[in-house]
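The sequence and the model should be kept at hand while reading.

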Amino acid sequence: MSGTSSLKRRKQTQRSSPASNGDKAGKLRTGSKASFKMAVVIAMMPMLLVATLEALYFSSSRQHVAAAPAVKNPQDDDTTTSRRKALQLQPSLANSSSTPQGGANADAADANASLTLRDFVVTKCLGRGSINVAFLAKLRSKEVRRVLGLPPNDEDAAVVLKLADTTTYGHAEIESFERIRNRVDASRAAAVGLPRAHWTARDVANPYYCPRAAQLIDDPHDEEDWGDDDKVCVKGYGAWPRPTGEMSVTAFQKMRSFPTVDAVVMPYYNLDTLQFSDKDAQNITTVKIFFRSMLEQLQVAHDDASVNNLDLNVPRNMFIDRATGRSILFDWNSYIPVGKPAVDHNQNWKLAAPEAWLFDGFGVEPLVRSVHAMDVWQSAVVLATFLYYPCTWSSGSKVLQDKKKGEAKQKYLQTILKRIGGNTRIPLNLNGTEEVDLRVLAGMPTDTDIPRPATFEPLLGKKQKRTCSKAPSWYLDDPAVSDDDKKVALDLLQQMFTLSPEDRPTMATLLQHPFFQ
């Protein structure tokens with residue numbers, strides 16, 4: 001009761017106040033504006049209601065989860081804080097990678113659906129390739145280790161994190177690992193040592209991104225070389241901790257020049273101790289174990305996942321497991337599906353099969369007709385490099401890239417044809433109705449018979465000639481090696497070194513060769 005009386009007296013006092021009476025006209029005007037706004041709102045309510053119902057309807061009828069909020073481009077605000085915010089807003093992997101369907105691959109699906117780049121803590125830069133930079137990384141929590149299939153309580157558990165600065169190759173590697181993860185049984189992959197990625201992510205915010213990275217001068221670790229506007233890009237290495245170890249200027253520049261990157265997390269390998277050395281290449285037992293395991297992994301990738309590697313570069317992309325002698329195929333970023341142009345985007349002339357450099361050299365663009373053919377040729381280059389050491393066997397040349405050297409290209413192709421011999425016709429389309437004769441491109445008569453040679457001499461540059469003149473082949477020229485063993489090795493090379501991809505055997509066939517018995 002007393003509370004109600006007090007409220008009435010306060011209202012009466014307010015109505016009788018001179019200040020209140022003096023502002024009466026102003027209040028009337030304000031009230032009129034408020035009434036007008038209220039009327040507008042009331043009039044719009046039906047339209048708002050309809051729009052809301054439509055949004056709910058279409059949202060519920062979608063088949064896929066709506067995309068996560070767009071990542072803010074760190075270039076809009078050149079501060080460390082904005083880059084951290086951008087990193088925290090990166091999309092879930094459920095929106096950026098395909099999800100496997102149950103079975104033995106369920107853990108991998110769980111990893112891709114729940115983890116983000118924030119769950120990894122970079123501790124060391126392991127090295128840089130032409131496509132990506134590899135880091136040693138720790139896991140941020142027990143849950144992250146559990147999702148990746150690592151011991152949850154092992155705080156020292158580590159992985160290799162690869163960040164690709166070129167989306168074409170980054171996407172290709174992610175697709176390769178997704179196919180292997182989704183299509184290859186985990187036990188079958190483990191039996192041959194085929195690597196499986198723990199986690200993959202496309203187009204995530206680059207934690208090392210710096211808009212002014214192109215202005216890096218000498219040593220990126222020296223902040224005095226940076227202008228005032230750039231120092232923010234050095235401190236803390238962007239949104240991530242600064243890794244220890246050697247990180248070259250070029251690696252630093254490349255990683256800091258792209259707002260987004262592709263990420264692949266692989267099992268930890270101590271790459272410093274796994275390099276395939278010259279000493280390894282001069283032991284036939286080591287060569288056979290290493291080469292056989294490489295073919296076994298490629299066979300599974302070809303047959304089960306329809307994935308080719310196309311960058312069998314030793315020692316840059318392949319390593320040796322010191323405990324078993326088996327090969328580790330570390331990079332899978334050059335995959336080309338069947339039906340796509342057989343173009344060597346890496347321009348790795350040393351390894352590339354002839355059909356892969358016809359476009360750059362002669363404007364001819366064959367399609368990939370089989371998943372295995374170009375890997376077989378590259379495998380031959382790997383084995384020939386081992387057997388002909390100290391010579392480096394090469395199947396291509398930079399001259400193919402020079403548009404002004406038409407005559408030089410023809411001479412080079414003539415050398416390749418004479419060195420390999422055999423069928424010179426290469427199909428151009430999937431049904432085989434179109435083809436090109438390499439003899440025509442080389443300026444040779446089409447009735448020229450090119451026999452298969454007994455050996456495959458390396459095509460040597462000036463530097464290689466000096467190297468090869470120092471010593472004969474450690475294996476093929478060794479009197480202690482029987483002629484039969486040499487013939488077996490050269491027969492395997494002859495089966496793999498065929499100009500036409502149609503004539504190259506599968507990995508399963510090669511693994512039955514007497515060389516491995």
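The points below go from the chain as a whole to its cores, its cavity and some local features.

1. Basis of the note. This is a predicted model, in which local features need pLDDT of at least 70 and side-chain atom pairs count only at pLDDT 80 or more, while totals for chains, interfaces and linings use all residues. Residues are numbered from 1 along each chain as its sequence is written, and side-chain values use heavy atoms, with hydrogens and water left out.

2. The chain as a whole. The chain holds 18 helices and nine strands; these elements are DSSP runs numbered from the N terminus, with helices being H or I of at least four residues and strands being E of at least two. Of its 517 residues, 46% count as buried, where buried means under 20% relative accessible area, exposed means over 50%, and partly exposed lies in between, with a 1.4 Å probe and protein chains only. The chain exposes about 25,800 Å², and carbon and sulfur atoms supply 53% of that area; accessible areas come from the Shrake-Rupley method with a 1.4 Å probe, and for residues only the protein chains shown count as cover. Among contacts (heavy atoms within 4.5 Å) with a separation of 6 or more, 72% join residues 24 or more positions apart.

3. Nonpolar cores. A nonpolar core is a set of buried Ala, Val, Leu, Ile, Met, Phe, Trp, Tyr and Cys residues joined through side-chain atoms within 4.5 Å. The largest such core has 95 residues, and those with the most contacts inside it are F291, W357, L383, Y388, L493, M496 and F497. Helix 13 gives the largest share of this core, 10 residues. Another core lies apart from it and has 25 residues, among them A137, A201, Y208 and A263.

4. Surroundings of F291. Which residues does F291 contact, leaving aside its neighbours within four places in sequence? They are S379, V382, L383, L492, M496 and F516. Of these, L383 and M496 are also listed among the residues with the most contacts inside the largest core.

5. The cavity. A search of the whole structure finds one cavity of 30 Å³ or more. On a 1 Å grid over the protein atoms alone, a cavity is a set of points where a 1.4 Å probe fits but cannot get out, and lining residues have an atom within 4 Å of a point. About 90 Å³ of space lies in the largest cavity, a volume being the space filled by probe spheres set on the points, which are joined across faces, edges and corners. Its lining consists of A342, E355, P366, L367, V368, R369, S370, A373, M374, I426, P427 and P501. The lining divides into nine nonpolar, one polar and two charged residues; Ala, Val, Leu, Ile, Met, Phe, Trp, Tyr, Cys and Pro count as nonpolar, Asp, Glu, Lys and Arg as charged, and the others, Gly among them, as polar.

6. Backbone features to inspect. Most residues other than glycine have a negative phi, and most peptide bonds are trans. The peptide bond from V314 to P315 is cis, with omega near 10 degrees, and P315 is in the loop between helix 11 (284-305) and strand 6 (318-320). That loop also holds S306, whose phi is positive, near 55 degrees, and L310, with a positive phi near 65 degrees. S306 is partly exposed at 35% relative accessible area, whereas L310 counts as buried at 6%. The bond from Y389 to P390 is likewise cis, with omega near 15 degrees; P390 lies in the loop between helix 13 and helix 14 (406-420).

7. Pairs separated in sequence. F135, in strand 2 (residues 132-139), is buried at 0% relative accessibility. F135 and L161 are 26 residues apart in sequence and 5.1 Å apart in space, C-alpha to C-alpha. Q414 is in helix 14 and is partly exposed, at 23%. Leaving aside neighbours within four places in sequence, Q414 is in contact with A442 and M444, and its C-alpha atom is 8.1 Å from that of G443, 29 residues away along the chain. C468, in helix 16 (residues 462-468), is buried at 15%.

Note on methods: 1 Å grid on protein atoms, 1.4 Å probe; cavity = no way out; pocket = protein on both sides within 12 Å on 5 of 7 lines; lining within 4 Å.
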